Amino acid sequence: MRKTYIALPKTMRLLPSFYEIFKNAGYVSATLEKSIAEKKQKQLEYESDCGQVAYLLVNNMDIPQYVDRNWAELGFTAFDCYREYELYSTKGGHAMRGDNFITNLLPDMGLCPKARFCVAGLPKNKETFERCKNSDEILTEGTFYPAITENYFRRLGILADIIKISGSSELLPAHCDVDAIFDIVETGSALVENGLIIYQEAMPIKTKILVSKAAFKYDENIPKMIEVLRNAVKS
């Protein structure tokens, strides 16, 4: 039987919960569980005890590409990662495809129940954000997710000058020429500590199992695995 490769986020903040879904479906890996318990991440590939599955521990942002390119048949990641990859890739002119994975075969796994994308900024700039909804005024927006941000503001009808940053977005409104930020908010404590407020909640962060279209079509084991996972989620 051909082995199925599953890409999981290697960060210990996410890996235990994501692996638990597959464990509950019967795809147990004693060696991976041992590494999780010991908080060791040096080994990046683990075989399941049944020999049917191999887990690849990957940077969370890279998981969509693993499934898209058929380096893994399945991948477990969150909305921010797969949607950013999908939008960026399908715009054209990029080496990435962005159209070879399915996101709706299984429901949201509910591992990030409080996380959502928000538009946020200094209280004094909220009026600027509201004004941009009904005018040709340009909103300057800082984000780690330019493709999602561009798509969101286009749907709102807001002209946005989007600045790509790599982190610490909470600093931008106070110290840079930025009207607002578009970022993931969970507790909101980082916003409060930096004097920011939420202007508008945009969308929830769903956690999904991505499935390769090619694998789902040509590998008879993949639909069977999806059904096993679906039953495990229900129980």
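Tutor: Keep in mind that this is a predicted model. Start at E127, which counts as exposed at 59% relative accessibility. Salt bridges that share partners join E127 with R131 and E137 in one network.

Student: Where do R131 and E127 lie?

Tutor: Both sit in helix α5 (residues 126-132), four residues apart, which is about one turn of the helix. R131 is partly exposed, at 38% relative accessibility.

Student: What's the general idea behind such pairs?

Tutor: Side chains of opposite charge can pair when their charged atoms come close. Searching the whole structure turns up ten salt bridges.

Student: Which residue does E47 form a salt bridge with?

Tutor: That's K3, with the closest N and O atoms 2.9 Å apart. E47 belongs to strand β2 (residues 45-47) and K3 to the segment before β1 (4-9), so this pair ties together parts 44 residues apart in sequence. E47 is partly exposed with a relative accessible area of 41%, and K3 is partly exposed too, at 24%.

Student: And which helices hold K23 and E33?

Tutor: Their side chains meet in a salt bridge at 3.6 Å, N to O. K23 is partly exposed, its relative accessible area being 30%, and E33 is also partly exposed, at 26%. As for the helices, K23 is in α1 (residues 15-24) and E33 in α2 (residues 30-38), ten residues apart, and the pair links distant parts of the chain.

Key
Residues numbered from 1 in each chain as written. Predicted model: local features only at pLDDT ≥ 70, side-chain atom pairs only at ≥ 80, totals over all residues. Heavy atoms only, no water. Salt bridge = Lys/Arg side-chain N within 4 Å of Asp/Glu carboxyl O. Helix = DSSP H or I, 4+ residues; strand = E, 2+ residues; numbered from the N terminus. Buried < 20%, exposed > 50% of the residue type's maximum accessible area, 1.4 Å probe, protein only.
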